[in-house]
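Please view the sequence and the model together while reading the points below.

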Amino acid sequence: MGVVWLDAASSLCCDLGLRRAFFVAAIGAVWSMLCLGVPRCRFLLVRLFVVAGAAFVVGLVDVGLRFQSMAYAFLKDVNPDSQRWRVKVRVVRFSQFLTKDQPPRVQRIDFIMLDEKNKSMECNIPQRWIATHRARLVEDHVYFIHYFEVVNARSTHRPVDHDYLARLTKHTEITEVTTVAPDFPLYACTICSFAELAAKADKRERLLDGIGVLKKCGHPNMVTTASGTKPLRNVIITDGSETASVALWGNHANEFEAQRYMDMSLQGPVILLFCGVTTSHFQGRLTLQGSPTCRWYVNPLLPETAMLRESLSKTLCPAEWLGAPPQQADPGNVTVTQLAGFDNPHEVWGNTYTVVAKIKELKGNEPWWYMSCTLCKKRSDPYGDAYKCTNPKCTGKSAVPRYRITFFVTEPEPPAEGEAPAVEFICFGPNGDELTGVPVDVLAAATGYDQAVIPEHITRLYGRTYEFGVSVRGGSLQNDNTTFRVDTVRNAVVPADQAAALHPLGLDPAGAPGQAQQVEAPAGAPGQAQQAEANAGTPEIAAGASTPARDVISSPIAQYEQLQAPKNDVSADDSDSDESLPPEAHAATEAASTRELKRLKRNRPGRKLQMASSNDDD
């Protein structure tokens, strides 16, 4: 019996680990001495302790490796007594602070670290290390962050309740955690009830967090303050018994997706969690003021959300708009000269105008296309084998080319005296397709994906007159001059002597875009199909192009235009020739053209590009 216990202990020492090995060894030794006597089991005891010793060493190594991979501190313990902390945190609520330079520069980037114990700590990236660390951190992802400086937190307006602040350095190590526990906290917040928010009114030690159901939502209005004119949006939330007004300023007023939340309220209560607000009383009502680091979450996965939904789902009506939309100042048709007189974008923010203007030239040193995130259309930069969206709230990892054409326009007719004023327009996406007549991916491939090359399909727009629908874009508020975003290109007004030079992809030379008409070519000029064929067979670009002659430039455009050209060489009067073909032939021809166009787009070079910096549309 004792031999059996000893053999079992010997095998289990290596198989079951350190703790179990000690238990088995102790029981086996006692039982052997009782059954066999000490002299007879001496050899077996020696064998047992040798194997147990080996298991002990293996166990120590295993524990050391596990400790090394799992050793990290909780944020509640982080303090300046050490500068070698290693923490496991979720990074949330990114914000950036700009200098007052023109143009402004990013001074630092702040974010919140949240650990598995639901403790938060503010962290910032100094300006000199932004390029090193910012691209490695993605909102809501979990990381091990090792080696950072610990300093005292700010004395007022702390975003979280922690006495110290972390500051990344050159030596900071950041490692993403790929497997995250499902119960790892998502929101860096300490939710206060409406009564607690009211009790802390006008206190500035730290920013607060509140939650409530959307009751009313206002439209953004331009408000003049001591620091300048900026948009303001008021949002009314309730806890069922009391209401509070949330004031969102600046970019927050524009980023708040009011229409989407109003539509969601038709299906049930919309619970909004606002993090990073100050509190005060205005006209007897509790008011929450959004700070620069303010963030909001819609229907957050929190117990408070479930409680609000359960208590108010049967009594709360859908949310309502707060007041009427602001009336537009100076709406309707204007001239380029009048647009040039709007030197303060805050005064005309949100207005829309219709203007007939002539394209003068592109703005220098501005890319005419960029890699656009497929989710939010913001700029995306190469990141390993994929792309990374520059929008911190977006997780998009794929991108496609998108037009971003910035150009100056003037009056269609020059003034009798003096120089005609020029106004900056910026044209995104489908409106760029409307102007050039060529999809951006085809045109980008034609220029070898070189943003510095301006193709003929853009330069030939110079001197042409269009009717534009424009508005003041959000990014214009930070520019020296007011910039107008092109919302529509309604029609082109082209002199008769320029009609033949108009791009052949469906833009009406005398009417609305997309309504192609038969334009008689100058004497001796080849027809559209013949010209496309000629371009496809030669590396030369048409005269007047601003790009060098090379095969990669001419071929994609020529192939695209050839696909768009009529498939049968018939005159405008030969209407019976088309009807002589059976319907099956028409369908087959159209299907073949569609397949060829998709092949051209699919086979464009897929290499990653380092894009020039650009502002994205709103």
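Valine 89 has tyrosine 143 in E4 as its bridge partner. This pair belongs to strand E1 (residues 86-98) and strand E4 (residues 142-152), which are joined in the antiparallel sense over five bridges; strands count as paired if DSSP finds at least two bridges between them. The model is predicted, so local features need pLDDT of at least 70 and side-chain atom pairs count only at pLDDT 80 or more, while totals for chains, interfaces and linings use all residues. Residues are numbered from 1 along each chain as its sequence is written, and side-chain values use heavy atoms, with hydrogens and water left out.

**The chain as a whole**

- The protein chain contains 17 helices and 22 strands; these are DSSP runs numbered from the N terminus, helices being H or I with at least four residues and strands being E with at least two.
- Of its 618 residues, 43% count as buried, where buried means under 20% relative accessible area, exposed over 50%, and partly exposed in between (1.4 Å probe, protein chains only).
- The chain exposes about 32700 Å², of which carbon and sulfur atoms supply 53%; the areas come from the Shrake-Rupley method with a 1.4 Å probe, and for residues only the protein chains shown count as cover.
- Among contacts (heavy atoms within 4.5 Å) between residues at least 6 apart in sequence, 65% join residues at least 24 apart.

**The barrel**

- Five strands form a closed barrel in the order E1-E2-E3-E5-E4, with mixed pairing.
- From one strand to the next, the twist averages 45°; axes are lines fitted to C-alpha atoms, for helices over the stretch in contact, and angles run from 0 to 180 degrees between N-to-C directions.

**Strand E11 and its partners**

- Strand E11 (residues 271-282) is mostly covered, with 10 of its 12 residues buried.
- Strand E7 (residues 208-218) runs antiparallel to E11 and is joined to E11 by six bridges, and isoleucine 211 has leucine 273 in E11 as its bridge partner.
- E11 also pairs with strand E12 (residues 285-298), in the antiparallel sense over 10 bridges; here threonine 279 stands opposite leucine 288 in E12.
- The hairpin of E11 and E12 has two residues between the strands, and glutamine 283 takes a positive phi near 55° in this hairpin.

**Helices with one buried face**

- In helix H7 (residues 258-265), the buried residues are Ala258, Tyr261, Met262 and Ser265. Viewed down the axis of H7, they fall within an arc of 100° and so line one face of the helix; the arc is that of the directions from the helix axis to the C-beta atoms.
- Helix H11 (residues 429-436) has Gly429, Asn431, Gly432, Leu435 and Thr436 as its buried residues. They fall within an arc of 155° seen down the axis of H11, so they too line one face.
- Glycine 437 follows H11 and has a positive phi, near 80°.

**Residues in loops**

- Asparagine 299 is found in the loop between E12 and helix H8 (303-312). Its phi is positive, about 50°, although it is not a glycine, and it is partly exposed, with a relative accessible area of 24%.
- Tyrosine 449 lies between helix H12 (440-446) and helix H13 (456-459), in a loop. Tyrosine 449 is not a glycine, yet has a positive phi of about 60°; at 8% relative accessibility, it counts as buried.
- Threonine 482, in the loop between strand E21 (465-472) and strand E22 (483-493), counts as buried at 9% relative accessibility. Its side chain reaches the backbone oxygen of phenylalanine 342 at 2.7 Å.

Methods: Polar contact = N/O pair within 3.5 Å; in protein donor to acceptor, adjacent residues only side chain to side chain.
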